[in-house]
Amino acid sequence: MQMLVLGAGQLARMMALVATPLDIHIRAYDVVSEQVLHPVTGERYEQTLEQAIAASDRITAEFEHVPADVLALCEQSGKFFPGKKAIECGGDRAKEKALLDGAGVPSAPYVLVTERAHFDSAIEELGLPLVIKTCQAGYDGKGQWRLKATDQTDGIWQEMQAFLDKDAAHSIICEKMIPFDREVSVIGARDAQGNVKVYPVTENEHTDGVLTLSVAGIVNQDIQDQAVDAYHKVAKALDYVGVLAIEFFDVGGDLLVNEIAPRVHNSGHWTQQGAFCCQFENHVRAVAGLPLGSTDLQQPSAMINVLGQEAIPQQVLATNDVRSHWYGKKVKPGRKMGHINVSATTLHDLGKRLDELREFLSEQAYPGIEARAKQLM
Ligand code: ATP
Ligand code: MG
Ligand code: MG
């Protein structure tokens, strides 16, 4: 089977690495260079998007910011999963909120803004502090403002207005800043028959808006149940096929959705060694029409993102149950270059493994490991 992935980054690459044993062959379409590429080797194919669509049995996406014309062509083919609506909901926070509200899934209170009067009512209705996000762009915390005090209002509005002025279709969302205890996410897969399998909820730490550390196997059953309930509601509302991720705020034991991602997700990378069938394989299976694999936790696991580093320190591989995943991208400050997965038979031992890794992974470049290790040990 031939599968085309929209986007040619590390997520397409990791899909391709698990698709081969299933006899599924992946090509990636880079929407920026408009080239069809091999997602692992980077080899270029002399193919237009139209030709690649025609030559593929199935089409999927590794990200949600897909240009509308590309999305329309893929949808027309009838081979595209999870399909246009799901990708659009992930790529536009206004559509995402409408979806969540319609599915009866609680999320952060919000006001949509396209003009100054809306901004003023947002401040009045929601109160400060506010998290302000562009609806149609943004990932890794980019395209956001924090309004903490009223004297920042005019300055931030000027920047918001510049974004709104760029395109008549642009909008901005103001959200109440949620005083969360922690951030968690759930990753799951749904097949074309509506069967759903969900992984154990992951606890996530962000540094400057970017995910730095995930741990799986530590939330209680009540949190898991709330996440699974939200997952079923959202996946059903989208008639979803593939892997879908939902990020939540845990506020005193109650989950509030932050956002959804209609794709495999950074907080699910631990499944490459903590679960029998990883998120990449389950996504490929669902899109290809194959049965889903087990999402049960095999071992408590953690994932450490490698941001802006030239390489993963080789010594980490000398630690038991540690594997490295490199993306082969050009290094840039703060860029996601790879990740490290760590597992152990108990949470206590996982803490010990993380503690051992501190010798090779500095707190500055890999924040949060020390505190997490201490907590688990
Ligand atoms: P991603 O790379 O996950 O797609 P993103 O750019 O879409 O990131 P969000 O997940 O919406 O951004 O926000 C980034 C981070 O900012 C969140 O993980 C959370 O830490 C913080 N944040 C976002 N919205 C709120 C909110 N309403 N209240 C408190 N913190 C928030
Ligand atoms: Mg996002
Ligand atoms: Mg997010």
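Predicted model: local features only at pLDDT ≥ 70, side-chain atom pairs only at ≥ 80, totals over all residues.
**Domains**

Let's start with the overall layout. The domain assignment divides the protein into domain 1 (2-80), domain 2 (109-176) and domain 3 (182-376). Taken over C-alpha atoms, the centres of domain 2 and domain 3 are 30 Å apart. An unreviewed UniProt entry lists residues 97-288 as "domain: ATP-grasp". Over residues 97-288, the chain is 33% helix and 32% strand, with 29 Å between the end C-alpha atoms.

**Around the ligand**

Now look for ligand 1, which is surrounded by 17 residues. The closest are Ala108, Val131, Tyr139, Glu175 and Ile178. Domain 2 and domain 3 each give at least three residues to this shell. At least two residues of the shell come from strand 7 (130-134), and at least two from strand 15 (254-261). Sorted by class, the shell holds seven charged, five polar and five nonpolar residues.

Next, find the five strands that make an open sheet with mixed pairing, in the order 4-3-2-1-5. Strand 4 (44-45) and strand 5 (58-61) are at the edges; each has a single partner strand, so one side of each has no neighbour in the sheet. Further in, strand 1 (residues 2-6) and strand 2 (residues 25-30) run parallel and are joined by five bridges. Val5 has Ala28 as its bridge partner in strand 2.

Strand 10 (residues 182-190) is mostly covered, with seven of its nine residues buried.

| Partner of strand 10 | Bridges | Direction |
|---|---|---|
| Strand 14 (residues 242-251) | nine | antiparallel |
| Strand 12 (residues 202-207) | three | antiparallel |
| Strand 11 (residues 196-198) | three | antiparallel |

Val184 stands opposite Phe248 in strand 14, and its bridge partner in strand 12 is Glu203. Gly188, in turn, has Val198 as its bridge partner in strand 11. Strand 10 and strand 11 form a hairpin with five residues between the strands, where Gly194 has a positive phi near 90 degrees.

**Two sides of helix 12**

Which residues of helix 12 (residues 369-376) are buried? They are Ile369, Arg372 and Leu376. These residues cover an arc of only 70 degrees around the axis, so they sit on the same side of helix 12. On the face turned away from the buried side, you will find the exposed residues Lys374 and Gln375.

Phe81 and Pro82 are joined by a cis peptide bond, with omega about 10 degrees. Pro82 is in the loop between helix 3 (68-77) and helix 4 (84-91). Another cis bond runs from Leu128 to Pro129, with omega near -5 degrees; Pro129 is in the loop between helix 6 (116-126) and strand 7.

Asp23 is not a glycine, yet has a positive phi of about 60 degrees. Asp23 is in the loop between helix 1 (10-19) and strand 2, and counts as exposed because it has 8 C-beta neighbours inside 10 Å. Asp239 also has a positive phi, near 45 degrees, and lies in the loop between helix 8 (221-237) and strand 14. Is Asp239 exposed or partly exposed? Asp239 has 13 C-beta neighbours inside 10 Å, so it counts as partly exposed.

How values were computed
Residues numbered from 1 in each chain as written. Chains lettered and ligands numbered in written order. Near = placed C-beta within 6 Å. Helix = DSSP H or I, 4+ residues; strand = E, 2+ residues; numbered from the N terminus. Nonpolar A, V, L, I, M, F, W, Y, C, P; charged D, E, K, R; others polar. Domains from an automatic or database assignment. Pairing = 2+ DSSP bridges. UniProt positions renumbered as here; feature names shortened; annotations may be inferred. Buried ≥ 20, exposed ≤ 12 C-beta atoms within 10 Å, placed from the backbone. Arc of directions from axis to C-beta.
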